[in-house]
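Thanks, everyone. Please have the sequence and the model open while I talk.

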Amino acid sequence: MIMFDPMPDELAIGHGNRLAILNGQGKISNLIPILHGKFQQHGVDIPGFSTLDLLANAVGMSTPAYTVEHSMLPVLRVTAQPGNEFIHGSCEGIRLNRRLGMLIPRKFSCVCSICINEDLEKYGYSYYRRSHHLNGVDWCPKHGEVLKRVNSEKPFTNFPHVWHREKRVEPLATCSHHIDETPELVRRYSEISLTFLKQSKPQTVTIANGRINLRA
Ligand SMILES: [Zn+2]
């Protein structure tokens with residue numbers, strides 16, 4: 001099988017499907033049993049391994065490193081009770097990894113037309129980014145253009161440029177087509193959401209409450 005590293009900020013579900021497509025498996029659900037088999041060959045397979053464990057192992061990364069860079073867990077688990085603030089993707093959180101590891105906050109997938117064109121020019125293909133899947137952040141953080149929703153029940157089973165070429169994308173209904181034209185509050189919210197995405201572990205609830213109280 002051909003295994004390749006995820007791209008910068010690439011969503012784990014997008015990377016997993018890309019691995020499946022380029023290995024002739026079509027979609028990630030067909031790839032999972034094969035990745036379990038790789039573990040079993042080395043005598044270490046555990047049925048409870050999360051998909052993040054399998055994908056990280058497939059490309060020679062640690063699960064926490066893969067999780068912090070390619071899952072949405074940093075924004076799905078922003079705070080934790082004292083004593084539970086372990087690093088995203090670590091073995092203490094294997095239940096969380098299984099339950100939330102491959103989820104995205106949005107109910108649908110988004111792409112940026114300019115990112116797609118840049119990807120095609122630079123790599124010859126396009127990929128899905130975490131930063132396009134933050135709730136309420138409807139503009140591409142790099143280009144500021146409004147994001148486009150993919151009209152498909154299973155968006156990650158194909159590349160963004162394919163949906164774009166087939167005209168199966170449509171701009172999100174927002175207050176503005178460019179983030180520079182939005183209120184400062186919206187831009188600040190986008191910045192904060194992106195900052196959360198880069199956190200390797202959650203803040204304790206106590207610290208978060210303290211900071212909120214200071215600003216209240
Ligand atoms: Zn973009």
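This is a predicted model: local features need pLDDT of at least 70, side-chain atom pairs count only at pLDDT 80 or more; totals for chains, interfaces and linings use all residues.

Residues are numbered from 1 along each chain as its sequence is written.

The protein is divided into domain 1 (12–100) and domain 2 (110–180), with bounds from an automatic or database domain assignment. Their centres, taken over C-alpha atoms, are 24 Å apart. The contact takes 8 residues from domain 1 and 7 residues from domain 2; two residues are in contact if their C-beta atoms, placed from the backbone, lie within 7 Å.

Now the core. The largest nonpolar core has 38 residues, and Leu-147 is one of those with the most contacts inside it. Such a core is a set of buried Ala, Val, Leu, Ile, Met, Phe, Trp, Tyr and Cys residues joined through C-beta atoms within 7 Å. Buried means that 20 or more other C-beta atoms, placed from the backbone, lie within 10 Å of the residue's own. Both domain 1 and domain 2 give residues to this core, so it lies between them.

Last, the loop residue. Ser-71 is in the loop between helix H4 (63–70) and helix H5 (73–76); helices are DSSP runs of H or I, at least four residues, numbered from the N terminus. Why does Ser-71 count as buried? Because it has 29 C-beta neighbours inside 10 Å. Ser-71 touches Ala-12, Leu-52 and Gly-101, leaving out residues up to four places away in sequence.

Conventions. Helices (H or I, at least four residues) and strands (E, at least two) are DSSP runs, numbered from the N terminus. A residue is buried if 20 or more other C-beta atoms lie within 10 Å of its own, exposed if 12 or fewer, and partly exposed in between; C-beta atoms are placed from the backbone.
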